[in-house]
Amino acid sequence: ALFSLVVFTLVVMAFITASISGLFDDTNRLSGGFELRSTVGYSNPITDMRAAIAAAPDLNSSDFVTIAGLSGAPVQVTQQGVEGQEPEDLFMQGADDQYTGNVTYTFAMRTASLQTDADVWKELSQRPGTAVVPSWMVPARVMYSVGGSIPFQLTGFYQEDKVLPDDVYIVAHDPRTGKDMPLHVIGVADALDVYVPPVLTS
């Protein structure tokens with residue numbers, strides 16, 4: 001009986017390891033279709049990445065099909081209309097048109113008026129005051145994860161609902177300026193969209 005238990009455990013662990021390895025081998029899926037990712041410091045920004053690539057002697061501009069940009073800042077986030085909620089320190093990023101027009105990330109939930117994933121990215125790009133959030137920000141009726149605590153979650157709906165309610169708003173407070181930015185949440189990214197930040201706007 002003990003031998004059977006050991007064999008069963010080894011088989012299960014091998015299956016889990018193989019499944020996870022296969023998942024992370026699909027780098028194109030995890031990266032949203034982008035092949036390179038670089039980070040630039042605030043103290044020495046690159047204002048024109050395409051020009052910087054053209055000026056680099058070891059790089060060829062024709063090798064880069066798409067060059068997109070994201071910029072970010074720390075904010076304090078609450079859900080609009082939820083009483084007694086403490087602001088949570090999160091990181092918000094803004095995406096340019098090259099990013100929203102080329103990223104291949106999909107959505108687990110979107111508002112009823114947006115029929116496709118491409119519609120969500122187009123809406124995010126063209127309508128100010130919109131945002132998408134990662135899947136961990138939406139609670140599930142059945143939780144399978146065994147990781148650490150989740151810093152902030154929306155209320156009033158669940159992942160199993162499939163359709164995102166049209167009245168979900170978050171407020172991003174900039175502690176540096178004291179300004180509040182209401183954002184209409186129009187999409188919840190799929191769990192495999194690993195580079196989607198806590199709040200992504202345009």
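Predicted model: local features only at pLDDT ≥ 70, side-chain atom pairs only at ≥ 80, totals over all residues.
Trainee: What is the overall layout?

Mentor: The protein has 5 helices and 8 strands. Along the sequence they run α-α-α-β-β-α-β-α-β-β-β-β-β.

Trainee: Why is the pair of Tyr99 and Trp121 called edge-to-face?

Mentor: Start with the general idea: a pair of aromatic rings is described by the distance of the centres and the angle of the planes. Here the centres are 6.1 Å apart, and the limit for a pair is 6.5 Å, so the rings count as a pair.

Trainee: How do you know whether Tyr99 and Trp121 are buried or exposed?

Mentor: Check each value against the cut-off: buried means under 20% relative accessible area. Tyr99 comes in at 7%, so Tyr99 is buried. Trp121 has 4%, so Trp121 is buried as well.

Trainee: And what makes the pair of Phe107 and Trp121 tilted?

Mentor: Those planes are 50 degrees apart, with 5.1 Å from centre to centre. Stacked needs under 30 degrees and edge-to-face needs over 60, so the pair falls into the rest, which is tilted. Phe107 belongs to strand β3 (residues 107–111) and Trp121 to helix α5, so this pair ties together parts 14 residues apart in sequence. Phe107 is buried, and so is Trp121.

Trainee: Which residues do the ring pairs link into a cluster?

Mentor: Phe34, Tyr99, Phe107 and Trp121. The structure holds 3 aromatic pairs.

Trainee: Now the strands. Why is β7 described as largely enclosed?

Mentor: Count its buried residues: 7 of the 10 in strand β7 (residues 180–189) are buried, so the rest of the structure largely encloses it.

Trainee: How do you know that β3 and β7 pair?

Mentor: Two strands pair if there are at least two bridges between them. β3 and β7 share 3 bridges, in the antiparallel sense, so they qualify. Across from Gly187 in β7 stands Arg110.

Trainee: What other strands pair with β7, and in which sense?

Mentor: Strand β4 (residues 130–133) pairs with β7 in the parallel sense over 4 bridges, and Val132 stands opposite Gly187. Strand β6 (residues 169–173) pairs with β7 in the antiparallel sense over 5 bridges; there, Tyr169 has His184 as its bridge partner. In the β6 and β7 hairpin, with 6 residues between the strands, Gly178 takes a positive phi near 80 degrees.

Definitions and conventions:
Residues numbered from 1 in each chain as written. Heavy atoms only, no water. Helix = DSSP H or I, 4+ residues; strand = E, 2+ residues; numbered from the N terminus. Phe/Tyr/Trp six-rings, centres within 6.5 Å; stacked < 30°, edge-to-face > 60°. Buried < 20%, exposed > 50% of the residue type's maximum accessible area, 1.4 Å probe, protein only.
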